[in-house]
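I hope they are handy to have beside you as you click through it.

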Amino acid sequence: MTAHLPITTSVPGGSVSIDPVKLDRLAEVAIKVGLQLQPGQDLVLTSSIAALPLTRRIVEHAYKAGAGLVTPIFNDDEITLARFRHGADDGFDHAAGWLYEGMAKAFSNNAARLAVRGDDPSLLSGQDASKVARANKANSMAYQPALEKITGFDINWNIVAYPETAWARQVFPGVSDEVAVGKLADAIFAASRVDGDDPIGAWKLHNAVLKARTEWLNGHRFHALHFTGPGTDLTVGLADEHEWMGGASTAKNGITCNPNIPTEEVFTTPHAQRVDGYVRSTKPLAHGGTLIRDIEMRFEGGRAVEVKASSGGQVFNKVLDTDEGARRLGEVALVPHSSPISKSGLLFFNTLFDENAACHIAMGQCYADCFVGGKTLSPEQIAAQGGRVLGVVLNRRRFYIPAFLYQRL
Ligand code: ZN
(Lines give C-alpha, C1' and ligand atoms only; values in the text may rest on other atoms or scores of the structure.)
Protein backbone atom coordinates (compact mmCIF):
# COMPACT_ATOMS: atom_id res chain seq x y z
CA MET A 1 0.00 0.00 0.00
CA THR A 2 1.25 3.48 -0.86
CA ALA A 3 1.90 5.76 2.09
CA HIS A 4 0.19 9.11 1.68
CA LEU A 5 1.20 12.27 3.45
CA PRO A 6 -1.59 14.48 4.84
CA ILE A 7 -3.02 16.74 2.16
CA THR A 8 -2.10 20.33 2.76
CA THR A 9 -3.66 23.00 0.62
CA SER A 10 -2.69 26.57 1.32
CA VAL A 11 -5.58 28.96 1.87
CA PRO A 12 -5.59 32.56 3.05
CA GLY A 13 -4.69 32.49 6.72
CA GLY A 14 -3.55 28.90 7.06
CA SER A 15 -3.69 25.39 5.65
CA VAL A 16 -6.20 22.57 5.66
CA SER A 17 -5.84 18.85 6.23
CA ILE A 18 -7.96 16.12 4.69
CA ASP A 19 -7.73 12.50 5.87
CA PRO A 20 -5.47 10.91 3.20
CA VAL A 21 -6.66 7.35 3.87
CA LYS A 22 -10.32 8.23 3.24
CA LEU A 23 -9.37 10.35 0.24
CA ASP A 24 -7.56 7.36 -1.23
CA ARG A 25 -10.60 5.16 -0.56
CA LEU A 26 -12.79 7.67 -2.39
CA ALA A 27 -10.45 7.50 -5.41
CA GLU A 28 -10.54 3.71 -5.34
CA VAL A 29 -14.36 3.68 -5.09
CA ALA A 30 -14.61 6.11 -8.04
CA ILE A 31 -12.59 3.72 -10.25
CA LYS A 32 -13.82 0.33 -8.98
CA VAL A 33 -17.47 1.12 -8.15
CA GLY A 34 -18.27 4.41 -9.88
CA LEU A 35 -16.75 3.45 -13.21
CA GLN A 36 -15.89 -0.27 -12.98
CA LEU A 37 -13.06 0.77 -15.29
CA GLN A 38 -12.05 -2.18 -17.46
CA PRO A 39 -8.47 -3.30 -18.29
CA GLY A 40 -7.37 -1.54 -21.46
CA GLN A 41 -10.18 1.04 -21.28
CA ASP A 42 -9.23 4.71 -21.80
CA LEU A 43 -10.49 7.41 -19.43
CA VAL A 44 -11.31 11.07 -20.02
CA LEU A 45 -11.15 12.91 -16.70
CA THR A 46 -12.15 16.50 -15.89
CA SER A 47 -11.16 18.22 -12.67
CA SER A 48 -10.25 21.58 -11.25
CA ILE A 49 -6.65 22.28 -10.28
CA ALA A 50 -7.86 22.66 -6.67
CA ALA A 51 -9.05 19.02 -6.63
CA LEU A 52 -5.60 17.64 -7.65
CA PRO A 53 -5.07 15.73 -4.37
CA LEU A 54 -8.07 13.51 -5.22
CA THR A 55 -7.56 13.55 -8.98
CA ARG A 56 -3.95 12.30 -8.72
CA ARG A 57 -5.10 9.37 -6.57
CA ILE A 58 -7.90 8.59 -9.05
CA VAL A 59 -5.35 8.39 -11.87
CA GLU A 60 -3.18 6.07 -9.75
CA HIS A 61 -6.11 3.73 -9.14
CA ALA A 62 -7.11 3.90 -12.80
CA TYR A 63 -3.69 2.66 -13.95
CA LYS A 64 -3.60 0.03 -11.18
CA ALA A 65 -6.96 -1.21 -12.55
CA GLY A 66 -5.36 -1.56 -15.99
CA ALA A 67 -6.48 1.69 -17.66
CA GLY A 68 -5.27 2.22 -21.24
CA LEU A 69 -4.67 5.97 -21.33
CA VAL A 70 -5.98 8.50 -18.80
CA THR A 71 -6.41 12.00 -20.28
CA PRO A 72 -6.98 14.74 -17.69
CA ILE A 73 -8.58 18.09 -18.61
CA PHE A 74 -8.21 20.79 -15.95
CA ASN A 75 -10.02 24.01 -15.15
CA ASP A 76 -9.35 26.73 -12.58
CA ASP A 77 -11.69 29.26 -10.92
CA GLU A 78 -9.28 32.21 -11.35
CA ILE A 79 -8.86 31.42 -15.05
CA THR A 80 -12.63 31.21 -15.47
CA LEU A 81 -13.06 34.58 -13.70
CA ALA A 82 -10.31 36.19 -15.82
CA ARG A 83 -12.44 35.57 -18.90
CA PHE A 84 -15.48 37.32 -17.38
CA ARG A 85 -13.40 40.23 -16.07
CA HIS A 86 -11.21 40.89 -19.09
CA GLY A 87 -12.52 38.89 -22.08
CA ALA A 88 -13.76 40.70 -25.22
CA ASP A 89 -17.56 40.74 -25.49
CA ASP A 90 -17.63 38.78 -28.79
CA GLY A 91 -15.87 35.87 -27.10
CA PHE A 92 -18.83 34.94 -24.92
CA ASP A 93 -20.65 33.28 -27.82
CA HIS A 94 -17.73 30.89 -28.39
CA ALA A 95 -17.01 27.49 -26.90
CA ALA A 96 -14.32 24.84 -27.41
CA GLY A 97 -16.29 22.72 -29.87
CA TRP A 98 -13.08 21.03 -31.04
CA LEU A 99 -12.51 19.75 -27.48
CA TYR A 100 -16.02 18.32 -27.13
CA GLU A 101 -15.84 16.73 -30.58
CA GLY A 102 -12.65 15.04 -29.43
CA MET A 103 -14.36 13.86 -26.25
CA ALA A 104 -17.29 12.52 -28.28
CA LYS A 105 -14.82 10.65 -30.49
CA ALA A 106 -13.11 9.17 -27.43
CA PHE A 107 -16.51 8.02 -26.06
CA SER A 108 -17.33 6.47 -29.46
CA ASN A 109 -14.12 4.48 -28.99
CA ASN A 110 -15.40 3.33 -25.57
CA ALA A 111 -13.42 5.69 -23.33
CA ALA A 112 -14.99 6.09 -19.87
CA ARG A 113 -15.75 9.53 -18.38
CA LEU A 114 -15.08 10.78 -14.87
CA ALA A 115 -15.77 14.25 -13.44
CA VAL A 116 -14.31 15.48 -10.15
CA ARG A 117 -16.59 18.25 -8.82
CA GLY A 118 -15.99 20.72 -6.05
CA ASP A 119 -16.94 23.98 -7.71
CA ASP A 120 -17.70 27.19 -5.91
CA PRO A 121 -21.54 27.25 -6.15
CA SER A 122 -21.56 31.03 -6.62
CA LEU A 123 -18.35 31.57 -8.61
CA LEU A 124 -20.11 33.59 -11.31
CA SER A 125 -22.82 35.18 -9.18
CA GLY A 126 -21.10 38.59 -9.26
CA GLN A 127 -20.50 38.56 -13.04
CA ASP A 128 -22.58 40.04 -15.86
CA ALA A 129 -25.64 37.74 -16.00
CA SER A 130 -26.05 38.04 -19.78
CA LYS A 131 -22.41 37.09 -20.39
CA VAL A 132 -22.85 34.09 -18.11
CA ALA A 133 -26.01 33.08 -19.98
CA ARG A 134 -24.34 33.49 -23.41
CA ALA A 135 -21.27 31.53 -22.35
CA ASN A 136 -23.46 28.75 -20.90
CA LYS A 137 -25.55 28.59 -24.07
CA ALA A 138 -22.51 28.42 -26.38
CA ASN A 139 -20.93 25.80 -24.15
CA SER A 140 -23.99 23.58 -23.91
CA MET A 141 -24.49 23.67 -27.69
CA ALA A 142 -20.85 22.75 -28.29
CA TYR A 143 -20.98 20.06 -25.61
CA GLN A 144 -24.00 18.33 -27.20
CA PRO A 145 -22.12 15.62 -29.21
CA ALA A 146 -20.24 14.47 -26.11
CA LEU A 147 -23.16 14.95 -23.69
CA GLU A 148 -25.50 12.81 -25.80
CA LYS A 149 -23.23 9.81 -25.29
CA ILE A 150 -23.39 10.36 -21.53
CA THR A 151 -27.15 11.01 -21.21
CA GLY A 152 -27.77 8.11 -23.64
CA PHE A 153 -25.61 5.99 -21.29
CA ASP A 154 -23.40 4.75 -24.16
CA ILE A 155 -20.43 4.47 -21.82
CA ASN A 156 -19.67 4.02 -18.11
CA TRP A 157 -19.33 7.39 -16.35
CA ASN A 158 -19.04 8.76 -12.84
CA ILE A 159 -19.12 12.01 -10.84
CA VAL A 160 -17.34 12.27 -7.50
CA ALA A 161 -16.80 15.27 -5.20
CA TYR A 162 -13.78 17.01 -3.65
CA PRO A 163 -14.06 19.61 -0.81
CA GLU A 164 -12.74 22.77 -2.44
CA THR A 165 -12.35 25.75 -0.10
CA ALA A 166 -14.90 28.14 -1.64
CA TRP A 167 -17.56 25.43 -1.60
CA ALA A 168 -16.72 24.49 2.03
CA ARG A 169 -17.08 28.15 3.09
CA GLN A 170 -20.69 28.16 1.84
CA VAL A 171 -21.65 24.87 3.49
CA PHE A 172 -19.97 25.80 6.80
CA PRO A 173 -20.06 29.60 7.15
CA GLY A 174 -18.61 31.33 10.20
CA VAL A 175 -15.71 28.95 10.83
CA SER A 176 -12.11 29.05 9.59
CA ASP A 177 -11.37 27.68 6.11
CA GLU A 178 -9.39 24.87 7.68
CA VAL A 179 -12.31 23.75 9.82
CA ALA A 180 -14.84 24.18 6.98
CA VAL A 181 -12.82 22.08 4.52
CA GLY A 182 -12.24 19.39 7.14
CA LYS A 183 -15.98 19.25 7.91
CA LEU A 184 -16.98 19.15 4.24
CA ALA A 185 -14.41 16.41 3.59
CA ASP A 186 -15.91 14.32 6.40
CA ALA A 187 -19.44 14.94 5.07
CA ILE A 188 -18.37 13.87 1.56
CA PHE A 189 -16.62 10.75 2.90
CA ALA A 190 -19.68 9.73 4.95
CA ALA A 191 -22.14 10.37 2.10
CA SER A 192 -19.87 8.53 -0.35
CA ARG A 193 -19.66 5.56 2.05
CA VAL A 194 -15.86 5.60 2.30
CA ASP A 195 -15.74 6.32 6.05
CA GLY A 196 -15.66 2.60 6.97
CA ASP A 197 -12.89 0.03 6.50
CA ASP A 198 -14.50 -1.77 3.55
CA PRO A 199 -16.01 0.83 1.19
CA ILE A 200 -16.17 -1.59 -1.77
CA GLY A 201 -18.18 -4.02 0.37
CA ALA A 202 -20.36 -1.17 1.67
CA TRP A 203 -21.20 -0.18 -1.92
CA LYS A 204 -22.00 -3.79 -2.86
CA LEU A 205 -24.50 -3.90 0.01
CA HIS A 206 -25.92 -0.44 -0.78
CA ASN A 207 -26.44 -1.35 -4.45
CA ALA A 208 -28.23 -4.55 -3.39
CA VAL A 209 -30.58 -2.54 -1.14
CA LEU A 210 -31.37 -0.03 -3.93
CA LYS A 211 -31.95 -2.88 -6.39
CA ALA A 212 -34.37 -4.59 -3.98
CA ARG A 213 -36.33 -1.31 -3.70
CA THR A 214 -36.58 -0.90 -7.50
CA GLU A 215 -37.67 -4.53 -7.88
CA TRP A 216 -40.39 -4.11 -5.24
CA LEU A 217 -41.68 -0.93 -6.91
CA ASN A 218 -41.49 -2.45 -10.42
CA GLY A 219 -43.32 -5.55 -9.18
CA HIS A 220 -46.26 -3.46 -7.97
CA ARG A 221 -46.65 -1.47 -11.20
CA PHE A 222 -48.06 1.54 -9.30
CA HIS A 223 -50.26 3.89 -11.30
CA ALA A 224 -49.48 6.98 -9.22
CA LEU A 225 -47.72 8.24 -6.08
CA HIS A 226 -49.51 10.37 -3.51
CA PHE A 227 -47.37 12.76 -1.44
CA THR A 228 -48.76 14.57 1.61
CA GLY A 229 -47.19 16.89 4.16
CA PRO A 230 -47.36 20.52 5.31
CA GLY A 231 -48.23 22.48 2.15
CA THR A 232 -48.19 19.32 0.05
CA ASP A 233 -50.95 17.17 -1.40
CA LEU A 234 -49.67 15.99 -4.75
CA THR A 235 -50.62 13.06 -6.94
CA VAL A 236 -47.87 12.13 -9.40
CA GLY A 237 -49.16 9.82 -12.13
CA LEU A 238 -46.48 7.49 -13.44
CA ALA A 239 -45.76 7.04 -17.16
CA ASP A 240 -47.09 3.91 -18.87
CA GLU A 241 -44.53 1.08 -18.77
CA HIS A 242 -42.32 3.18 -16.50
CA GLU A 243 -39.42 1.44 -14.80
CA TRP A 244 -37.83 2.32 -11.44
CA MET A 245 -34.06 2.66 -11.48
CA GLY A 246 -31.47 3.18 -8.74
CA GLY A 247 -27.92 2.34 -7.75
CA ALA A 248 -25.66 0.53 -10.20
CA SER A 249 -26.87 0.22 -13.78
CA THR A 250 -25.50 -1.13 -17.01
CA ALA A 251 -24.37 1.17 -19.81
CA LYS A 252 -24.80 0.31 -23.48
CA ASN A 253 -21.13 -0.78 -23.57
CA GLY A 254 -22.09 -3.58 -21.14
CA ILE A 255 -20.27 -2.13 -18.12
CA THR A 256 -22.24 -1.84 -14.85
CA CYS A 257 -21.33 1.38 -13.03
CA ASN A 258 -22.57 3.84 -10.38
CA PRO A 259 -22.71 7.17 -12.26
CA ASN A 260 -23.32 9.27 -9.14
CA ILE A 261 -21.33 9.04 -5.93
CA PRO A 262 -23.13 9.50 -3.60
CA THR A 263 -26.54 8.14 -4.60
CA GLU A 264 -29.51 7.24 -2.41
CA GLU A 265 -32.51 7.64 -4.72
CA VAL A 266 -34.71 5.30 -6.67
CA PHE A 267 -36.33 7.20 -9.52
CA THR A 268 -38.69 6.90 -12.45
CA THR A 269 -40.61 8.89 -15.04
CA PRO A 270 -43.84 10.69 -14.09
CA HIS A 271 -46.67 10.96 -16.62
CA ALA A 272 -46.32 14.41 -18.23
CA GLN A 273 -50.14 14.89 -18.26
CA ARG A 274 -51.13 13.26 -14.95
CA VAL A 275 -49.73 15.34 -12.11
CA ASP A 276 -52.25 17.22 -9.94
CA GLY A 277 -52.28 19.06 -6.64
CA TYR A 278 -49.83 21.24 -4.77
CA VAL A 279 -46.36 20.86 -3.33
CA ARG A 280 -44.08 22.89 -1.05
CA SER A 281 -40.33 22.25 -1.04
CA THR A 282 -38.71 21.40 2.28
CA LYS A 283 -35.21 22.48 1.26
CA PRO A 284 -33.82 25.48 -0.59
CA LEU A 285 -32.67 24.96 -4.15
CA ALA A 286 -29.23 26.33 -5.08
CA HIS A 287 -29.21 27.37 -8.71
CA GLY A 288 -26.38 29.30 -10.39
CA GLY A 289 -25.56 31.30 -7.28
CA THR A 290 -29.20 32.01 -6.38
CA LEU A 291 -30.84 30.35 -3.41
CA ILE A 292 -34.52 29.64 -4.12
CA ARG A 293 -36.44 29.15 -0.87
CA ASP A 294 -39.89 27.78 0.00
CA ILE A 295 -40.93 26.85 -3.53
CA GLU A 296 -44.69 26.31 -3.83
CA MET A 297 -46.20 24.87 -7.00
CA ARG A 298 -49.67 23.90 -8.09
CA PHE A 299 -50.07 21.33 -10.87
CA GLU A 300 -53.01 20.81 -13.20
CA GLY A 301 -52.97 18.06 -15.81
CA GLY A 302 -49.22 17.69 -15.44
CA ARG A 303 -48.39 21.36 -15.79
CA ALA A 304 -47.10 23.65 -13.03
CA VAL A 305 -49.71 26.41 -13.37
CA GLU A 306 -48.80 28.42 -10.25
CA VAL A 307 -45.26 28.80 -9.01
CA LYS A 308 -43.92 30.98 -6.20
CA ALA A 309 -41.04 31.10 -3.74
CA SER A 310 -40.21 33.23 -0.69
CA SER A 311 -36.91 34.19 -2.34
CA GLY A 312 -35.45 33.58 -5.81
CA GLY A 313 -38.96 33.21 -7.26
CA GLN A 314 -38.16 35.37 -10.28
CA VAL A 315 -35.13 33.28 -11.22
CA PHE A 316 -37.14 30.10 -10.72
CA ASN A 317 -40.03 31.29 -12.92
CA LYS A 318 -37.59 32.40 -15.61
CA VAL A 319 -36.13 28.91 -15.73
CA LEU A 320 -39.61 27.38 -15.94
CA ASP A 321 -40.43 29.70 -18.84
CA THR A 322 -37.47 28.39 -20.90
CA ASP A 323 -39.94 26.28 -22.89
CA GLU A 324 -43.24 24.41 -22.53
CA GLY A 325 -41.58 21.23 -21.24
CA ALA A 326 -39.94 23.02 -18.35
CA ARG A 327 -43.24 23.18 -16.43
CA ARG A 328 -43.79 19.42 -16.51
CA LEU A 329 -42.08 16.71 -14.49
CA GLY A 330 -39.24 14.63 -15.96
CA GLU A 331 -38.39 12.66 -12.82
CA VAL A 332 -39.81 11.62 -9.47
CA ALA A 333 -37.52 10.04 -6.89
CA LEU A 334 -37.88 8.42 -3.48
CA VAL A 335 -35.17 8.84 -0.82
CA PRO A 336 -35.51 7.46 2.73
CA HIS A 337 -35.03 9.68 5.78
CA SER A 338 -32.40 7.19 6.93
CA SER A 339 -30.00 8.19 4.11
CA PRO A 340 -26.67 9.57 5.44
CA ILE A 341 -27.21 12.85 3.56
CA SER A 342 -30.70 13.32 5.02
CA LYS A 343 -29.39 12.56 8.51
CA SER A 344 -26.51 15.05 8.13
CA GLY A 345 -29.07 17.87 7.88
CA LEU A 346 -26.62 19.82 5.69
CA LEU A 347 -27.41 21.90 2.63
CA PHE A 348 -24.55 21.19 0.21
CA PHE A 349 -25.50 23.74 -2.51
CA ASN A 350 -24.75 20.91 -4.94
CA THR A 351 -27.38 18.76 -6.66
CA LEU A 352 -25.21 15.63 -6.53
CA PHE A 353 -25.69 15.72 -2.74
CA ASP A 354 -28.87 17.71 -2.14
CA GLU A 355 -31.07 15.57 -4.41
CA ASN A 356 -30.18 12.63 -2.16
CA ALA A 357 -31.45 14.33 1.00
CA ALA A 358 -35.17 14.03 0.25
CA CYS A 359 -37.78 12.69 -2.11
CA HIS A 360 -37.80 15.02 -5.07
CA ILE A 361 -39.30 15.94 -8.38
CA ALA A 362 -37.37 17.32 -11.34
CA MET A 363 -38.71 19.50 -14.11
CA GLY A 364 -38.04 18.94 -17.81
CA GLN A 365 -36.68 16.09 -19.86
CA CYS A 366 -37.10 12.48 -18.66
CA TYR A 367 -34.64 9.59 -18.75
CA ALA A 368 -35.29 7.21 -21.66
CA ASP A 369 -33.86 4.48 -19.43
CA CYS A 370 -36.78 4.69 -16.98
CA PHE A 371 -39.07 2.67 -19.27
CA VAL A 372 -39.40 -1.06 -19.82
CA GLY A 373 -37.15 -1.66 -22.85
CA GLY A 374 -36.28 2.05 -22.74
CA LYS A 375 -32.98 1.68 -24.58
CA THR A 376 -34.86 0.74 -27.77
CA LEU A 377 -37.75 3.25 -27.57
CA SER A 378 -37.94 6.23 -29.95
CA PRO A 379 -38.66 9.72 -28.54
CA GLU A 380 -42.15 9.45 -30.12
CA GLN A 381 -42.86 6.16 -28.30
CA ILE A 382 -41.65 7.64 -25.01
CA ALA A 383 -43.93 10.66 -25.50
CA ALA A 384 -46.89 8.36 -26.28
CA GLN A 385 -46.29 6.59 -22.95
CA GLY A 386 -46.39 9.91 -21.10
CA GLY A 387 -42.66 10.68 -20.93
CA ARG A 388 -41.57 14.28 -21.14
CA VAL A 389 -39.11 14.42 -24.04
CA LEU A 390 -39.49 17.84 -25.56
CA GLY A 391 -38.60 20.02 -22.61
CA VAL A 392 -35.02 21.20 -22.66
CA VAL A 393 -34.25 22.86 -19.37
CA LEU A 394 -31.06 24.43 -18.11
CA ASN A 395 -28.89 23.23 -20.93
CA ARG A 396 -30.56 19.82 -20.84
CA ARG A 397 -29.88 19.35 -17.18
CA ARG A 398 -32.85 18.51 -15.03
CA PHE A 399 -33.97 21.01 -12.46
CA TYR A 400 -34.06 19.43 -9.03
CA ILE A 401 -36.57 20.30 -6.39
CA PRO A 402 -35.84 18.45 -3.19
CA ALA A 403 -39.31 18.43 -1.71
CA PHE A 404 -41.90 16.61 0.34
CA LEU A 405 -41.91 15.33 3.86
CA TYR A 406 -44.01 12.22 3.67
CA GLN A 407 -44.47 9.43 1.17
CA ARG A 408 -47.55 7.31 0.71
CA LEU A 409 -47.43 4.61 -1.90
ZN1 ZN B 1 -33.14 12.37 -8.78
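**Notes on the predicted model**

1. Let me start with a helix pair. The axes of helix α4 (residues 97–108) and helix α5 (residues 129–151) come within 7 Å and cross at roughly 15°. Please bear in mind throughout that this is a predicted model. An angle under 35 degrees counts as roughly parallel, and α4 and α5 are therefore roughly parallel to each other. Their crossing is left-handed.

2. Which residues make up the contact? On the α4 side they are G97, Y100, E101, M103, A104 and F107, and these meet A142, Y143, P145, A146 and K149 in α5. By class, the residues of this contact divide into eight nonpolar, one polar and two charged.

3. While you are looking at α5, have a glance at S140, which is found in that helix. Is S140 buried or exposed, or something in between? S140 has 16 C-beta neighbours inside 10 Å, so it counts as partly exposed.

4. Next, the parallel sheet. Four strands form this open sheet, in the order β4-β3-β5-β6, and the pairing is parallel. At its edges are β4 (70–75) and β6 (157–161), each of which pairs on one side only. From one strand to the next, the twist averages 15°.

5. Within that sheet, β3 and β4 run parallel and are joined by six bridges. Helix α1 touches β5 (112–117) and β6, and its direction makes about 155° with that of β6. Helix α2 (residues 52–64) touches β3, β4 and β5, and its direction makes about 170° with that of β4.

6. Now the antiparallel sheet, which is open as well. Its five strands come in the order β7-β8-β13-β16-β17, with antiparallel pairing. The edges are taken by β7 (224–229) and β17 (303–308); each has a single partner strand, so one side of each is left without a neighbour in the sheet. Neighbouring strands here are turned by 20° against each other on average, with direction ignored.

7. How do the edge strands of this sheet pair? At one end, β7 pairs with strand β8 (residues 232–238) in the antiparallel sense over six bridges, and A224 stands opposite G237 in β8. At the other end, strand β16 (residues 296–300) and β17 pair in the antiparallel sense over five bridges. There, F299 stands opposite A304 in β17.

8. A few backbone values may interest you if you check torsions. As background, most residues other than glycine have a negative phi, and most peptide bonds are trans. Q36 is not a glycine, yet its phi is near 50°, a positive value. Q36 sits in the loop between α1 (20–35) and β3 (43–48). With 19 C-beta neighbours inside 10 Å, Q36 counts as partly exposed; the buried class takes 20 or more.

9. D294 belongs in this torsion list too: it has a positive phi of about 50° although it is not a glycine. You will find D294 in the loop between β15 (290–292) and β16. D294 counts as partly exposed because it has 16 C-beta neighbours inside 10 Å.

10. Where is the cis peptide bond to look for? The bond runs from I261 to P262, with omega near 5°. P262 has its place in the loop between β11 (256–257) and β12 (266–268).

11. Finally, some totals. The protein chain has 12 helices and 20 strands. Of its 409 residues, 42% count as buried. Among the chain's contacts between residues at least 6 apart in sequence, 76% join residues at least 24 apart.

Methods:
Residues are numbered from 1 along each chain as its sequence is written. This is a predicted model: local features need pLDDT of at least 70, side-chain atom pairs count only at pLDDT 80 or more; totals for chains, interfaces and linings use all residues. Axes are lines fitted to C-alpha atoms, for helices over the stretch in contact, and angles run from 0 to 180 degrees between N-to-C directions. Helices (H or I, at least four residues) and strands (E, at least two) are DSSP runs, numbered from the N terminus. Angles under 35 degrees count as roughly parallel, over 145 as roughly antiparallel, 65 to 115 as roughly perpendicular and the rest as oblique. A crossing is left-handed if the near helix is turned anticlockwise from the far one by less than a right angle, and right-handed if clockwise. Two residues are in contact if their C-beta atoms, placed from the backbone, lie within 7 Å. Ala, Val, Leu, Ile, Met, Phe, Trp, Tyr, Cys and Pro count as nonpolar, Asp, Glu, Lys and Arg as charged, and the others, Gly among them, as polar. A residue is buried if 20 or more other C-beta atoms lie within 10 Å of its own, exposed if 12 or fewer, and partly exposed in between; C-beta atoms are placed from the backbone. Two strands pair if DSSP finds at least two bridges between them.
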